[in-house]
Structures are given as structure tokens and as C-alpha cells.
Amino acid sequence: MTNNKAFRVFLILFCIFLLSVIFTAFDLPFSDTNSTPFDLGYVAGVTFKNRFKILVSVSLCYLVYRKLKTVRE
């Protein structure tokens with residue numbers, strides 16, 4: 001494998017996105033079977049909000065880690 005920085009950045013962002021999707025799937029309410037389209041839309045919006053918060057949190061942690069790593073060197 002070549003030392004391609006763009007590929008590594010893409011791979012990190014893809015892993016962050018994949019982890020955010022997995023963690024968001026654990027938060028979905030599966031107990032309510034009688035759902036209206038409004039309820040399903042609301043759940044989809046809340047799910048997207050949670051996924052976005054997780055994605056931003058993990059991205060910020062990664063950026064802080066990279067910043068601390070460059071300061072130590």
C-alpha cells in the first residue's frame with residue numbers, strides 16, 4: 001500500500017461515518033410498531049441529529065489528537 005495522505009484521510013472519515021451510523025442504529029426506538037409517517041419522519045430527524053453529533057464529536061477528537069501529536073514532535 002502506498003503512503004497516500006488523501007486516501008488515509010478519506011479512510012479515517014469513512015470509519016468515523018461508519019461508526020456514527022452503527023452507534024446511531026443502537027439509539028433507534030424499535031418498540032413502537034404503530035407509527036405514523038410524522039413519527040417516522042421525526043425519528044429519522046432525531047437519528048440524523050444524533051449521527052451528526054457523533055460524527056462531529058469523533059472528528060473533533062481526531063483533530064485534537066493530531067494537534068497534540070504534532071506539538072509533541
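**Start with the whole chain**

Show the cartoon: the chain has 2 helices and 0 strands (DSSP runs, H or I of at least four residues for helices, E of at least two for strands, numbered from the N terminus). This is a predicted model, where local features need pLDDT of at least 70 and side-chain atom pairs count only at pLDDT 80 or more, while totals for chains, interfaces and linings use all residues. Residues are numbered from 1 along each chain as its sequence is written, and side-chain values use heavy atoms, leaving out hydrogens and water.

Of the 73 residues in the chain, 7% are buried (under 20% relative accessible area; exposed is over 50%, partly exposed in between, with a 1.4 Å probe and protein chains only).

**Next, the largest pocket**

Select Lys5, Arg8, Val9, Leu11, Ile12, Tyr62, Leu63 and Arg66, the lining of the largest pocket. A pocket is an open set of points on a 1 Å grid over the protein atoms alone where a 1.4 Å probe fits, with protein on both sides within 12 Å along at least five of seven lines; lining residues have an atom within 4 Å of a point.

**Last stop: Phe10**

Now click Phe10, which is found in helix 1. Is Phe10 buried or exposed? Phe10 is exposed, with a relative accessible area of 52%.
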